[in-house]
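I set out to record what I looked up in this structure, one topic at a time. The entries follow the order in which I consulted the model.

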Amino acid sequence: MASLSAYSSESAWAASADEARYRIDGDIAPARNARIIALDQRAASVARRVAAGPWAKARFFTCEDHGPVNGAGAVALRELDGAPAALVDLLTDTDVVVVLATDDTGRAHAAAIGRECGARAIMTAGIVLGEGFEADDAVAALRPHARVLLLSADESDVYELLTALRV
């Protein structure tokens with residue numbers, strides 16, 4: 001194998017025949033079925049804006065009721081068009097669930113969603129948007145269940161995370 005100094009740049013080295021054997025030539029498929037769930041009203045506004053993006057088979061939902069949650073069946077969700085949706089139904093054949101929060105009103109739902117995803121081995125990510133993070137309880141509820149937990153003041157990070165997850 002030739003040394004890096006034998007090439008004029010790292011790019012030339014990376015494109016060499018020696019390095020070609022490490023290259024993955026197949027297409028990377030997008031997530032088959034992503035679900036994005038907004039836990040509160042401001043997060044729902046973000047979800048509506050983000051939903052206009054070029055996502056593969058992503059479906060976007062909002063939480064309706066923020067009362068006590070007694071099991072996954074009690075999590076009241078709606079699609080962005082207003083159609084009701086049951087959490088246990090929408091998780092069937094789901095690859096990744098991304099939960100959006102801007103405050104603590106959806107903390108019980110965050111925990112219920114996280115538990116249900118964990119029980120089904122569905123990758124869960126959480127994005128908490130805001131200045132000063134008014135959603136400390138939502139963060140605490142998501143932390144045990146989310147493989148990715150992003151705290152940000154920048155809404156564009158939602159696009160970036162969904163892109164990185166190949167939604």
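**Confidence.** I began with pLDDT, the predictor's confidence in each residue on a scale from 0 to 100. The protein chain averages 82, and 76% of the residues score at least 70. I noted the lowest confidence in helix H1 (residues 10-14), with a mean of 64, and the highest in strand E1 (residues 34-38), at 96.

**Conventions.** This is a predicted model, in which local features need pLDDT of at least 70 and side-chain atom pairs count only at pLDDT 80 or more, while totals for chains, interfaces and linings use all residues. Residues are numbered from 1 along each chain as its sequence is written, and side-chain values use heavy atoms, with hydrogens and water left out.

**Secondary structure.** I took helices (H or I, at least four residues) and strands (E, at least two) as DSSP runs, numbered from the N terminus. The protein chain has seven helices and seven strands. Along the sequence I read the pattern α-α-β-α-β-β-β-α-β-α-β-α-β-α.

**The sheet.** I traced an open sheet of seven strands in the order E4-E3-E2-E1-E5-E6-E7, with mixed pairing. Two strands count as paired if DSSP finds at least two bridges between them. Strand E4 (84-86) and strand E7 (148-152) stand at the edges with a single partner strand each, so one side of each has no neighbour in the sheet. The twist averages 25° from one strand to the next; for such angles, axes are lines fitted to C-alpha atoms, for helices over the stretch in contact, and values run from 0 to 180 degrees between N-to-C directions.

**Strand pairs.** I then went through individual pairings.
- E1 and E2 run parallel and are joined by four bridges; Ala38 stands opposite Thr62 in E2.
- E2 and strand E3 (residues 76-79) run antiparallel, with three bridges. Here Cys63 faces Leu77 in E3, and Thr62 stands opposite Arg78 in E3.
- E3 and E4 are antiparallel, also with three bridges, and Leu77 stands opposite Ala85 in E4. Their hairpin has four residues between the strands, where Gly82 takes a positive phi near 100°.

I defined contact as heavy atoms within 4.5 Å. Helix H3 (residues 41-51) packs on the sheet and touches E1, E2, E5 and strand E6 (123-129); its direction makes about 165° with that of E2. Helix H7 (residues 156-164) touches E1, E2, E5, E6 and E7, and its direction makes about 165° with that of E6.

I called a residue buried under 20% relative accessible area, exposed over 50% and partly exposed in between (1.4 Å probe, protein chains only). Buried residues make up 41% of the 167 residues in the protein chain. Four of the five residues of E2 are buried. A nonpolar core is a set of buried Ala, Val, Leu, Ile, Met, Phe, Trp, Tyr and Cys residues joined through side-chain atoms within 4.5 Å. Which residues have the most contacts inside the largest nonpolar core? I found Ile37, Leu39, Leu77, Leu87, Val97 and Ile113, in a core of 24 residues. Strand E2 (59-63), helix H4 (87-90), strand E5 (96-101), helix H5 (107-119) and helix H6 (136-142) each supply at least two residues of this core. H5 gives the most, with five residues. A second, separate core of 22 residues includes Ala34, Ala47, Val96 and Ala125.
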